[in-house]
Amino acid sequence: MTDSITIRRPDDWHLHFRDGDVMREVVPYTARQFARAIVMPNLTPPVTTTELAAAYRDRILAAVPAGVDFTPLMTCYLTDNTDADDLARGAAKGVFTAAKMYPANATTNSAAGVTNVEKLYPVLARMEAEDIVLCIHGEVTDHAIDVFDREKEFIDRHLRAIAANFPKLRVVFEHITTSDAVDFVMQAGPNVAATITPQHLHINRNAMLVGGIQPHNYCLPVAKRESHRLSLRKAATSGSPKFFLGTDSAPHLRSAKESACGCAGIFGAPYALESYITVFDEEGALDRFEGFASLHGPAFYKLPVNEATVTLERAELAVPPCLHVTGEEIVPWHGGQTLGWKFVG
Ligand code: DOR
Ligand code: ZN
């Protein structure tokens, strides 16, 4: 039995740091385990320009603990009014690593998102020409569509067309939750990849709805039925370079989660690697963990792999039921559970 595993230092290809005091307190959790992270731009107001992204990057860097090597990779929040010239300039200067498309009102702080995907086509054409990665929150917002079907519907209404119209555009289908998404990514070209969160590998929708409503298992896209979870586990542990790690860590205070209108988002950062490696261990795929966590993402983003390494050990890890951010309680993913792996450093 493998009791210890050392891999190149991983990166988190999708997360939310927020801003201000919360950001300053959550950045160290990620910087402890990951060398780089793709930082989502859904602040209020959103990060829509090179100038805003550069300033946000500086605020994040100021929150990285001394002596810790961590690089935030910034994204541009796409809107109906995105200035493609500014986006291209920001990418050329190394401020933007990618641009993020939220369909308007799909999720937290997405009101300024894209109201009509086709209207964004001129920007997508420019991104394809400049080789800028497009990150997509792939859910339709049509109220007539059942929340459990919104990802599949997005593929059928928009994603197939984007892939067909922009065959060289690099697209990351973010936080996929369905076998439909796995199938779509698998049959698409090498320019289409996906991130998978730890929660969607661990839970199905029962974890959110059985035994009383479980707000700490609620995120968007919502967890789906068991067959989808099994597809995601198979994809993540398959060794395919099209799938890589993206926690979608999305901190919301306990008070905002345990509310009559609880926020979507799971704070996955603090024990992210322990969560993922548990899945790889259960699937008998520890030898594929490094690819998913540390190699496939850099290859897709055309960035070097990290030189440093991290080690995880088979050992009991009691995840605290709650942590504190800005003096307030926040429940981490796996809060109160005991995991069988521990991040050593
Ligand atoms: O659950 C989610 N939370 N999904 C998202 O897409 C956004 C995120 C957030 O910002 O809280
Ligand atoms: Zn997200």
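**Ligand and binding site**

Q: Which residues come nearest to ligand 1?
A: This is a predicted model. Of the 13 residues around ligand 1, the nearest are Arg18, Asn42, Thr107, Leu220 and His252.

Q: How far is the polar side-chain atom of His252 from an oxygen atom of ligand 1?
A: The distance is 2.8 Å for His252. Asn42 also has a polar side-chain atom by a ligand 1 oxygen, at 2.9 Å. For His16, the distance from such an atom to an oxygen of ligand 1 is 3.3 Å.

Q: Switching topic. Which residues does UniProt list for "binding site"?
A: The unreviewed UniProt entry lists Lys100, His137 and His175. They spread over 76 residues of sequence, yet they cluster in space. Their largest C-alpha distance is 12.7 Å.

Q: And which of these residues are in the lining of the largest cavity?
A: Lys100, His137 and His175 are included in that lining.

Q: Where is Lys100 found?
A: In strand β5, which covers residues 96–101.

Q: Is Lys100 buried or exposed?
A: Lys100 is buried, because its relative accessible area is 0%, and buried means under 20%.

Q: What is Lys100 in contact with, leaving aside neighbours within four places in sequence?
A: Its contacts include His14, Met40, Tyr77 and Glu174. His137 and His175 are among them too.

Q: Now His175. Where does His175 lie?
A: In the loop between β7 (171–173) and α6 (179–187). His175 is buried, with a relative accessible area of 2%.

Q: Which side chain makes a polar contact with the side chain of His175?
A: That of His137, at 3.3 Å.

Q: What else is His175 in contact with, again leaving aside neighbours within four places in sequence?
A: Among its contacts are His14, Lys100, Glu151, Thr195 and Asp248. Leu220 is another one of them, and Leu220 is also one of the residues that come nearest to ligand 1.

Q: On to α6. Which residues of α6 are buried?
A: Ala181, Val182, Phe184 and Val185.

Q: Why are they on the same side of α6?
A: Because they cover an arc of only 165 degrees around the axis.

Terms used: Residues are numbered from 1 along each chain as its sequence is written. Chains are lettered from A and ligands numbered from 1 in the order in which they are written. This is a predicted model: local features need pLDDT of at least 70, side-chain atom pairs count only at pLDDT 80 or more; totals for chains, interfaces and linings use all residues. Side-chain values use heavy atoms; hydrogens and water are left out. UniProt positions are given in the numbering used here, feature names are shortened, and annotations may be inferred rather than shown by experiment. On a 1 Å grid over the protein atoms alone, a cavity is a set of points where a 1.4 Å probe fits but cannot get out, and a pocket is an open set with protein on both sides within 12 Å along at least five of seven lines; lining residues have an atom within 4 Å of a point. Helices (H or I, at least four residues) and strands (E, at least two) are DSSP runs, numbered from the N terminus. Buried means under 20% relative accessible area, exposed over 50%, partly exposed in between (1.4 Å probe, protein chains only). Contact means heavy atoms within 4.5 Å. A polar contact is a pair of N or O atoms within 3.5 Å; within protein, one must be able to donate a hydrogen and the other to accept it, and residues adjacent in sequence count only if both atoms are side-chain atoms. The arc is that of the directions from the helix axis to the C-beta atoms. A residue is near a molecule or strand if one of its heavy atoms lies within 4 Å of it.
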